[in-house]
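Student: I have a structure open and would like to learn how to read its features. Please take me through a few of them.

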Amino acid sequence: MTVDQAAGARDTAPRSAHVPVVIVGAGPVGVTAALLLARRGVRTVVLERHHDIYPLPRAVAADDEVRRILQAAGVGDEFAAIARPARGLRLLDARHRVMAEFPRAAQGAHGFPQTSMFDQPELERLLRDALARRPECDLRTGVEVVGINVGIGVGGGQDGNGPVRVTFRRDGVEEHLWADAVLGCDGAGSLTRDAVGAGWQDLRFEERWTVVDVRTSAPVRCWEGVEQICDPDRPATFMRVGEDRYRWEFRLRDEPEPDHERLRELIAPWVDPSYGADLEVVRQAQYTFRARIADRWRRGRVFLLGDAAHLTPPFIGQGLGAGMRDAHNLTWKLARVLQQGADERLLETYESERKPHARHAIRLAVTMGWAMTGGQDGAAALRRGVLGAAFRIPGLPAAAARDLSPALAAGPIVRRRALRRARWGGRGLVGGICPQPWVTADGWRVRLDELLGDSFAVLTAAPPSPSLRAVADGLGARIVPVADLGDDGRLSAWLRAGRADAVLLRPDRVVMDEVPSGAADFTDIAGWAPLLHSARKPLPAQQTTDTSLLRSATR
């Protein structure tokens, strides 16, 4: 072989390099995961097959917990500029009479409106702009991932913790990346899901709907919230998204997608037909709403997030939110394993914590779907009548709204006391998320998370004991006395209601452990400390010849 031939062979041979984390998919979940990892100093390469963001609207609603996750990712203020608070959800009968109302507050426990409407392309643009500002992140667009080989473990099997090989094509050239971990944020048709050997569990909901996004200056009858029309003949959803932007969703049976004239008839209850000429259809698309969850979310260091792990009907607005919660739950754990040598078992808690919550949200969405349609059998009218009566029970709508994000079940890093239920008849604070009031720090008014930072934190209403201080030091946790926060006593009242003198907050603000009233120490340090601390040091990054792998510029 000549020198020129050898050089040509090197040019066409697959190229490879090492990176701590590869993220497959640059949608909102994938980019948010990259931003959350970047804030902890973890470098990522994000691979996306499209050259630019998808320009048409899809997701339109976010709850206050999602707003808090966006705050953690560093884009909270930017999102506030494009978001529009909504008043909540109404269930209407076929004549558009109110059956039930689920109000959403202007400020929820997380410090934001409980429901916000937005345009997904605008969200994706601000997320990518933030990604481009992070030197830890490299976005590669126009690439097709064609293979993911799960890391080889010590025993030679592919469920180990060894590096993962990701193969992709760009400009006709095949390349490889070796990663310590891979996050599959590549949607319902996920290649990553195939790589982990996961299949779908069907949660028994499948309907065909048309989704129509409209821009109009015509008067539209709306109450600044979401309306679900509970009519088995023509169930529908309506919401105002922006200043002149609206969305309708209609279930389709054995019928074609409505044309412009038929669309005017369908939206007549909200828009006078005489204004039909003023309607600009921004997007009209058919979807099959499904309820599914992957039977496994992980294999080795390969994880599923978002639509790759779960699919939900949109009736409670939790499709995007579930994926954002996935990213928030996983990224701090992964960073701690990769950077601080935490026990690999910490990563097992991702699926055990997130999967039950995702299943719960999907089932709520399915229940709402059946409330809308009532089914197609003879008992449909009876069921709708029972639902309507139930929703009129005082307090039930508010309770249902709170049930969107229940507390995590007890687990390795959710140390709930077994005696609490017997003594006080409740679960206490552990497993729930700490509220986020406005507080005063160094003379500035900020939200609580801005004061706490990105790591563990201890909120205390009593002088911390020496052992509590030692635990906080070991975790790198800031100790914050709640009496000094200038939050009108909200956190003090929260601790009193939970009968706790102090709580240990995880980086995702879930309460991991507590100091019971009158006690001096957390209840189960021995239970969670081995997962967060390890004598094993993180493996050093492999040496590569590609010194330009990680760049901050978006390509």
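Student: What should I know before starting?

Tutor: This is a predicted model, in which local features need pLDDT of at least 70, side-chain atom pairs count only at pLDDT 80 or more, and totals for chains, interfaces and linings use all residues. Residues are numbered from 1 along each chain as its sequence is written, and side-chain values use heavy atoms, with hydrogens and water left out.

Student: How do I read the packing of two helices?

Tutor: Two packed helices are described by the angle between their axes and the distance between the axes. Axes are lines fitted to C-alpha atoms, for helices over the stretch in contact, and angles run from 0 to 180 degrees between N-to-C directions. Helices (H or I, at least four residues) and strands (E, at least two) are DSSP runs, numbered from the N terminus.

Student: At what angle do the axes of H2 and H8 cross?

Tutor: Helix H2 (residues 28–38) and helix H8 (residues 319–340) have axes that cross at roughly 30 degrees and come within 9 Å. H2 is therefore roughly parallel to H8 (under 35 degrees counts as roughly parallel, over 145 as roughly antiparallel, 65 to 115 as roughly perpendicular and the rest as oblique). The crossing of H2 and H8 is right-handed, that is, the near helix is turned clockwise from the far one by less than a right angle.

Student: Which residues of H2 and H8 make the contact?

Tutor: Contact means heavy atoms within 4.5 Å. From H2 the residues include Pro28, Val29 and Leu36, and from H8 they include Leu320, Met324 and His328. By class, this contact has nine nonpolar, four polar and no charged residues. Here Ala, Val, Leu, Ile, Met, Phe, Trp, Tyr, Cys and Pro count as nonpolar, Asp, Glu, Lys and Arg as charged, and the others, Gly among them, as polar.

Student: How do H9 and H16 cross?

Tutor: The axes of helix H9 (residues 345–373) and helix H16 (residues 525–532) come within 8 Å, crossing at roughly 110 degrees. H9 and H16 are therefore roughly perpendicular to each other. In H9, Arg345, Leu346 and Thr349 meet Pro530, Leu531 and Leu532 of H16. This contact has four nonpolar, one polar and one charged residues.

Student: How many aromatic pairs are there?

Tutor: Rings of Phe, Tyr and Trp (its six-membered ring) pair if their centres lie within 6.5 Å; planes under 30 degrees apart count as stacked, over 60 as edge-to-face and the rest as tilted. The count by this rule is 14 aromatic pairs. In one of them, the ring centres of Phe205 and Phe315 are 5.7 Å apart and the planes lie at 80 degrees, so the pair is edge-to-face. Phe205 is in strand S12 (residues 200–215) and Phe315 in the loop between strand S19 (310–311) and H8, so the pair ties together parts that are 110 residues apart in sequence.

Student: Are Phe205 and Phe315 buried or exposed?

Tutor: Both Phe205 and Phe315 are buried (under 20% relative accessible area, with exposed over 50% and partly exposed in between, using a 1.4 Å probe and protein chains only). Ring pairs link Phe205, Trp209, Phe289, Phe315 and Trp370 into a cluster.
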